[in-house]
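Grab your viewer and work through these exercises with the model open. Each one gives a task, then a solution in steps.

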Amino acid sequence: MFTAFVVERDAPGLSIGKEEHKMGIIGSSTCPVTLDKVPVPVENVLGEIGAGHRVAFNILNVGRLKLGAGCLGAMKSVIAQTIPYAKQRQQFGRAIASFGLIQQKIADMAIATYVLDSLIYRSAGLIAAQLATLSPEAEDYDQQVIKGIEEFAVECSIAKVFGSEKLDLAVDEMVQIYGGYGFIEESPAPRAYRDARINRIFEGTNEINRLLIPDTLMRRANRGQLPLMQAVEQVVGNLLAPLSPLMEHDDNPLHLEQQMIERCKQAALLCAGISVQTHQQALAEQQEILGFIADMTIELYAAESALLRALKHHAGGDEHANALRLDMTRSWCRELPEKIERLGTQTLAASVEGDALSMPLAALKKLTRVTPVNGVTLKRNVAEALIGAERYPL
Ligand SMILES: Cc1cc2nc3c(=O)[nH]c(=O)nc-3n(C[C@H](O)[C@H](O)[C@H](O)COP(=O)(O)OP(=O)(O)OC[C@H]3O[C@@H](n4cnc5c(N)ncnc54)[C@H](O)[C@@H]3O)c2cc1C
């Protein structure tokens, strides 16, 4: 039990240590703060005495969503600093931006940015919609806000993990596209590379956030707030039923991807459900499996967010932007089944063996089987749009 409070900087017993010499974000001040028998007036207590964890966790929830949004801004900036260089840098008599392997990197950065953008807007929208149902006049409004945000703890952790890891990929590719110059302090790449790294550490490390995702989902399921095990039972019940082929639909340009996501959800539920049944309470000690389940949850939420956003825009708006969103969504979603198959296989193999493994493994493979598309063309289309705009254009 601990209590949240605020104290003034000059409170007796409070001392601030030397400025830390950091790897990155050196524009931000970081110092150790020591509290030694600091008297805390009762009016300085935040929330209830002994309930500081609620204040802390909620600050972390909002902080994690904002961290994801911050990473998104950084990714857009990285793209805007990378493309002009790739267009200007000549090798073998051509701009490096014209090479397929460079275009692939630009497309990967852009697609990850689009997916993160979609995920952040979706989560922020869900939280805003929830808070809009509350009455600011209510006596317990603050408590309701805390409870309302708490509902989206999983989405906030996803934003943090996904955002920080995609930004790290983007800055890594930025250094690579800048080549040797990217390793030289004079170029913008080293600073971006160093500044990005802390995002995987603060606001709860990505390991802790990964553990929180299945833990929160399972606690909700145990409280009857989430019909997780019913969903698992339904998937298991349908295991032997033949799967109809994935169909195109005239009115929905992403109908195939939508069906793919649904099947991947079933596959993830199946694997997570089997691991919960096998390990039960001891699952908390199987961090690697919890990590696989977290990654499947993150991948599904990310893909679905991208798809929902592309479909929402498809009804109207700019034709070029819509085409770009469709290409980015298709490219991302088409890679989803392979990721779920890999993570699901690892989850199952770490949970069951022999005959108990072969049936769910076959079902997993069936649910994640897709006809490959030409991902090279999709990514070239994306890169072309970005190179033309010299920035992330959406
Ligand atoms: C620049 C900077 C600014 C910061 N600003 C703030 C701030 O404003 N407010 C604030 O409160 N904190 C702040 N922090 C602290 C930051 O939140 C912590 O550093 C971070 O949460 C990690 O904690 P730790 O450093 O104690 O690492 P540790 O807990 O020692 O972790 C070390 C490694 O072990 C892993 N690990 C730890 N526990 C587990 C576990 N149970 N299971 C699996 N793996 C585990 C971690 O994921 C990590 O990889 C800041 C840190 C930095 C560097």
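Predicted model: local features only at pLDDT ≥ 70, side-chain atom pairs only at ≥ 80, totals over all residues.

**Exercise 1.** Is Ile-106 buried or exposed, and which residues does Ile-106 touch?

*Solution.* Start with accessibility: Ile-106 has a relative accessible area of 2% and counts as buried (buried is under 20%, exposed over 50%, partly exposed in between, using a 1.4 Å probe and protein chains only). Then list the contacts, meaning heavy atoms within 4.5 Å. Not counting residues up to four places away in sequence, Ile-106 touches Ile-83, Ala-86, Ile-177, Ala-383, Leu-386 and Ile-387.

Residues are numbered from 1 along each chain as its sequence is written, and side-chain values use heavy atoms, with hydrogens and water left out.

**Exercise 2.** How many helices and strands are there in the protein, and why can the protein be called as compact as a globular protein of its length?

*Solution.* Count the elements: the protein has 13 helices and 6 strands. Now take the radius of gyration, which is 24 Å, close to the 21 Å that the globule rule gives for 394 residues, so the protein is as compact as a globular protein of that length. (The radius is taken over C-alpha atoms, and the rule is 2.2 Å times the number of residues to the power 0.38.) Along the principal axes, the C-alpha atoms fill a box of roughly 65 × 60 × 45 Å. For the contacts, keep those with a separation of 6 or more: 75% of them join residues 24 or more positions apart. As for burial, 43% of the 394 residues are buried.

**Exercise 3.** What do the surface and the charges look like in numbers?

*Solution.* The protein exposes about 21100 Å², and carbon and sulfur atoms supply 56% of that area (Shrake-Rupley method, 1.4 Å probe). On to charge: there are 39 positive and 47 negative side chains, and the centres of the two sets lie 5 Å apart. Here Lys and Arg count as positive, Asp and Glu as negative, and His and the chain ends are not counted. Each charge sits at NZ of Lys, CZ of Arg, CG of Asp or CD of Glu.

**Exercise 4.** Which spans does UniProt annotate as domains, and what is their helix content?

*Solution.* The unreviewed UniProt entry places "domain: Acyl-CoA dehydrogenase/oxidase C-terminal" at residues 50-215. That span is 75% helix and 2% strand, and its end C-alpha atoms are 23 Å apart. The unreviewed entry also gives "domain: Acyl-CoA dehydrogenase-like C-terminal" for residues 264-366. Residues 264-366 are 83% helix and 0% strand, with end C-alpha atoms 10 Å apart. Bear in mind that such annotations may be inferred rather than shown by experiment.

**Exercise 5.** Where do Lys-37 and Glu-203 lie, and what is the phi of Lys-37 and of Glu-203?

*Solution.* Recall the background: most residues other than glycine have a negative phi. Lys-37 has a positive phi of about 55 degrees; Lys-37 lies in the loop between β3 (33-35) and β4 (45-46) and is exposed at 78% relative accessible area. Glu-203 has a positive phi of about 60 degrees, sits in the loop between α5 and α6, and is partly exposed at 28%. Thr-205 is also in the loop between α5 (189-197) and α6 (206-222), and is partly exposed at 26%. Leaving aside neighbours within four places in sequence, Thr-205 is in contact with Lys-160 and Arg-200.

**Exercise 6.** Which residues is Met-328 in contact with, and which ones is Met-260 in contact with?

*Solution.* Met-328 is in helix α10, residues 319-334, and is buried with a relative accessible area of 0%. Beyond its neighbours within four places in sequence, Met-328 contacts Ala-110, Ile-111, Tyr-114, Val-382, Tyr-392 and Leu-394. Met-260 is in helix α8, residues 255-279, and counts as buried at 4%. With the sequence neighbours within four places set aside, Met-260 contacts Leu-246, Cys-333, Arg-334, Pro-337 and Val-370.

Note on methods:
Helix = DSSP H or I, 4+ residues; strand = E, 2+ residues; numbered from the N terminus.
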